[in-house]
Amino acid sequence: MNKELINFIVKKYLKYDNKNPFISVSAILAFIGVAVGVMVLIVAMAIMNGTSKEFKDKLFTMNYPLTVYPQINNSVDDTLLKKLETKFPNLLFSPYISSQVMLQSNNEMNGGMIFGIDPKKEAKINKIFKESYNKEINFNKYDLIVGSGIKENMGLFPNQKITLFFTTLNPSGFSLLPKMKRFVYLSSFKSGLTAYDSAYMYTSIDALRTILKKQKDTYDGIHIYSKNPMEDIKKIKEILPNFSVGIVGWWQQNGNLFSAMQLEKQALFIVLMLIILIASLNIISSLLMTVMSRRKEIALLLSMGASSKEIKSIFLKLGIVIGMGGIAVGVVLGFTSLFVLQNFDIITLPADVYATSKLPLDLELIDFISILFGSVVIVLASSYYPALKATKIDVLDVLRNE
């Protein structure tokens, strides 16, 4: 039996069967099920990747790629900073001093974390800070840039004076009073993450050094910008043992969050792949019913010299056409859905919850390949059993009784 005859028989079996319409309906449902499953998988994986990437971008900025911290007091100083800048000219460094504070303006109070930084260096590694830092306006010693949440909660306006209470205490007679200082509100930033916008604020590093009485040229840490932090952290660690300091990457600070998101993505992939698996059951039932209704034709083909391999090829190809056709249509529908979602505001998200108002989409190549591979394996497995069953027909028994 040649390929032309095999193709002819496959085309014949693909046509709507008026005598057994349920067989054709089952094949159509299998086609639609596979297509819908592939489309949903593509969209779901794109949303999961986009959401993960969006959070990474936000946390990457506000948590910084790498952070050097002291293991003993005053171990992070100018000597270490200059050595790092000399050894790694491709990286950007921003030293800082930090403290917990309470803000008071009129009758409003708000707690948070304040960072003393060099505004020019910080603007190079922190795009959120850069957007709020106006180079044309002098950033004076006691100026303050706060998160948008703090600004809204306290109703701040430019050049307004705010009193900050520090956790460090001042001895006063027989009592201890918290240190306090008046700052001038300059502007605000908005990262899109409420946890940072409602707690973080920036001032000059000289201001905090004076208030907290830090030693000259010492810091609480150094924020580092790197395009490849996972590689650079290994190189930096080689020179740190002599300085009694440690280094941590942003992924280590937020490892539980992204591990949970990765686990959720894998679970979602498996669950949605079950849609394709369920649809493939229709392929099995459709092909088995085709085999049963075409027993006489199969027996005649075998009696005329057709081999079992050729009979198997007919039904295997029949299942592959239905399944692969569904996969192809599902891919087209999936990418069409992504195009529509990216270019039209069909779905909007609350920015204060999801860090973005637009549905983030990013389909990675590895996920797309996994979807195709998984779908093809399921289709092939679903087509193989009915094709194998077709070769087990007893030719003599069928021709004698039918």
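1. Let's start in the sheet: S99 has I114 in β3 as its bridge partner. Strands here are DSSP runs of E with at least two residues, helices are runs of H or I with at least four, and both are numbered from the N terminus. Keep in mind that this is a predicted model, where local features need pLDDT of at least 70, side-chain atom pairs count only at pLDDT 80 or more, and totals for chains, interfaces and linings use all residues. Residues are numbered from 1 along each chain as its sequence is written.

2. Now the strands themselves. β2 (residues 92-105) and β3 (residues 108-117) run antiparallel and are joined by 10 bridges; two strands count as paired if DSSP finds at least two bridges between them. Their hairpin has two residues between the strands, and N106 takes a positive phi near 60° there.

3. β3 has another partner: β7 (residues 200-204) pairs with β3 in the parallel sense, over five bridges. Look for M113, which stands opposite Y200 in β7.

4. On to the largest pocket, which holds about 240 Å³ of space. A pocket is an open set of points on a 1 Å grid over the protein atoms alone, where a 1.4 Å probe fits, with protein on both sides within 12 Å along at least five of seven lines; lining residues have an atom within 4 Å of a point. The volume is the space filled by probe spheres set on the points, which are joined across faces, edges and corners.

5. Who lines this pocket? There are 12 residues, with S52, K53, K56, Q262 and E364 nearest the centre. α2 (21-63) and α11 (255-293) each supply at least two of the lining residues, and α2 gives the largest share, six.

Definitions and conventions. Heavy atoms only, no water.
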